[in-house]
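Please open the model in your viewer and keep the selection panel at hand. The tour below moves from one selection to the next and says what is there at each stop.

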Protein chains: 2
Amino acid sequence: MDLSSPAPFGQIRWDDDRTGIVILDQTRLPSEVKEVTLRTVEGIEEAIKSLRVRGAPLIGVTGAMGLAALSCGEARQGPLSEELRTSFAGWADRLAAARPTAVNLAWAINRMRVVLEATPGSSTDIAAALIEEAGLILIEDARMCRAIGEHGVGLLGESSVVLTHCNAGALATGGIGTALAPVYVGHERGLRTRVFADETRPLLQGSRITAWELDAAGIDVTVITDGMAGALMAVDTPDVVFVGSDRIAANGDAANKIGTYGLAVLAEQHGIPFYVLAPTSTIDHHASDGSAIPIEFRSADEIRRGFGRLTAPENVPVWSPAFDVTPARLITGIITEHGIHEPPYIESLGALRAGST
Amino acid sequence: MDLSSPAPFGQIRWDDDRTGIVILDQTRLPSEVKEVTLRTVEGIEEAIKSLRVRGAPLIGVTGAMGLAALSCGEARQGPLSEELRTSFAGWADRLAAARPTAVNLAWAINRMRVVLEATPGSSTDIAAALIEEAGLILIEDARMCRAIGEHGVGLLGESSVVLTHCNAGALATGGIGTALAPVYVGHERGLRTRVFADETRPLLQGSRITAWELDAAGIDVTVITDGMAGALMAVDTPDVVFVGSDRIAANGDAANKIGTYGLAVLAEQHGIPFYVLAPTSTIDHHASDGSAIPIEFRSADEIRRGFGRLTAPENVPVWSPAFDVTPARLITGIITEHGIHEPPYIESLGALRAGST
């Protein structure tokens, strides 16, 4: 496995003639490593909706590559460029709505729209420009991951123990992940890192996906249930906690997969540094603090019958937020592609904003 | 349902002629409410080993009632009393080894042995004495639960929110439970208590059993995953946390189902009182603190394929302690059948010991 190439785990690639995309079907992990080729807008939409591809950055890459492949396929049939433009508009609207909360999907689709509008010429010319732009989005995503890894690897020693939650790894991105990027960079440099992965109920992205990808890369990984993190800290203290984030407020409060907040409280209790690793696109400068971050609630059945078996009484209510908010005061540092940002975040993250405008 | 009767949820009862015991098969909850009649030592042993009956107090009751029923069955065949004594010794050894860590099982079986030795006369006389003793053990257990409930109910208001972990409810005992006893007593008195139940990975005793029994009793219960407790405290703060315990050290450190420690840390962070409810038989005065409590580790497959589906890679190791230790400093009070004991526990629990000798 060449960790420096885009999508090193086969997360996503073009099929041979670029009229389709091939994704790793993440719903089948860890029992099956199965690729699926998608050549229709229905297929791409279904793959995003049903979490065959997941992780905000990877969903963005999928939307962009999907639109390019569909355009390439239609261009081969030889239509007029106006027909392709009409088809594209329909596909883009449909895919953008597949998972409305993932900000990267809308962002990537918008980049593709802009390229389409800026490209004159035949449908073949348009398709070529879209293929190029989607390829660029993938490469940029992989570079963003690499940069986060380079900034974070300095926090690891010769043999460190890292605790992580959910999956903010390669399979959530087009590269080597966000929270796991320092572990992969360290692995390339010969560091012996041991990772403990919370299984992460209800959907088990930790045990199904994080454990699978680290093991596939030859990195020492051990699975625990979410409730075991406290016991682990008490007996075999991890050196650092690395987690991803779905949205970071201007003051540094960070929303991430449910269970992250409890982990942060335990880390503080045990004096373990707690880092949030995410691209700058995750920072929402309009949200002044965590209370402005909307929290998605998930279906009760993900808890009640998530394993195909009834594990709670049918009529008993379930409270199931998908995310929680970790207050900035519990976060030792936020690592983006630009570096390690320290408190007060209103200043360190604010400087990023100033730099980007 | 008459909560004041022993085993009000049908946890365990004699069959009609007292030559067998009828238990509620807890492995089938919540999808099936199914009783199983046990008339052989093999059947009783299997039911204990495979957790069809579980919870330290209820296992003790099951061992005692099981031995009495087996003796009653053999007495009906009309053997000499010496033959019954020999059979009993074999059954007792076998059942005592079914779950060696549950101290109540050995304790209950020992009480039965003492009665056997103290009873002269025919095999029918012996069987009658054993039936009486086992019935007493059940009633005492139910009374212990009731006393814990009476002491704890004062902590509940007209409408309180209680958070609990695992199952230290009726189905772990011969009565109305330990951690849930105050909730049941409050329910009888018209208090409107709302309970949040951690599902409690890996074996889901919270969502499968706690949710089932509270719902069956008409008490408002909501299931959350273990990782959601922090978010719950942040947005809809529970008034109190009630948990059980498997062993309490002399200084008040308490071992309980894995995940309890993390809950205690979160409760402290949010200023929520955290109570441990357990019979005095749970206190191990020989263990000076939590480090003297041995922690059982469970099979990796309970996490990897606990629901019949592979949810972590087969070859990836799993770290799976069954219990963790909550340090005494995080425990607001320990509630036993004798009252609410406050810190310093070395004194308040020590006084119980002095009183019992």
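Two parts are said to be in contact when they have heavy atoms within 4.5 Å of each other. This is a predicted model, in which local features need pLDDT of at least 70 and side-chain atom pairs count only at pLDDT 80 or more, while totals for chains, interfaces and linings use all residues. Residues are numbered from 1 along each chain as its sequence is written, chains are lettered from A and ligands numbered from 1 in the order in which they are written, and side-chain values use heavy atoms, with hydrogens and water left out.

**First stop: the two domains of chain A**

Select residues 12-146 of chain A as domain 1 and residues 148-353 as domain 2; such bounds come from an automatic or database domain assignment. The C-alpha centres of these two domains of chain A lie 27 Å apart, and 20 residues of domain 1 are in contact with 24 residues of domain 2. Together the two domains of chain A bury about 1,800 Å², of which carbon and sulfur atoms give 57%, where buried area is the accessible area (1.4 Å probe) that two parts lose on being put together, summed over both. On the domain 1 side, pick out Arg54(A), Met144(A) and Arg146(A), which lose the most area to domain 2 and together make up 37% of what that side buries.

Now show the side chains of Arg146(A) and Glu188(A), which meet in a salt bridge at 2.7 Å, N to O. The term stands for a side-chain nitrogen of Lys or Arg within 4 Å of a carboxyl oxygen of Asp or Glu, and the count between domain 1 and domain 2 of chain A is 1 salt bridge.

Next, colour helix H2 (56-76) and helix H5 (123-152) of chain A, each of which supplies at least two residues of the side of domain 1 that touches domain 2; helices (H or I, at least four residues) and strands (E, at least two) are DSSP runs, numbered from the N terminus. H5(A) gives the most to that side of domain 1, with 6 residues.

**Second stop: Gln26(A)**

Centre the view on Gln26(A), in the loop between strand S2 (21-24) and strand S3 (35-38) of chain A. Is Gln26(A) buried or exposed? Gln26(A) counts as buried because its relative accessibility is 1%, the cut-offs being under 20% relative accessible area for buried, over 50% for exposed and partly exposed in between (1.4 Å probe, protein chains only). Leaving aside neighbours within four places in sequence, Gln26(A) is in contact with residues including Leu58(A), Leu171(A), Arg208(A) and Ile209(A).

Finally, show both chains and select the contact between them, which takes 49 residues from chain A and 51 residues from chain B. The area buried between chain A and chain B is about 4,100 Å², with carbon and sulfur atoms giving 68%. Highlight Met228(A), Phe307(A) and Trp319(A), which supply 17% of the area that chain A buries against chain B, more than any other three residues.

Across this interface of chain A and chain B the rule finds 2 salt bridges. For one of them, select Arg201(A) and Glu199(B), whose closest N and O atoms are 2.6 Å apart. The elements of chain A that give two or more residues to the side touching chain B are helix H7 (205-216), strand S6 (220-224), helix H8 (229-235) and helix H9 (260-269), and H9(A) gives the most, with 6 residues.
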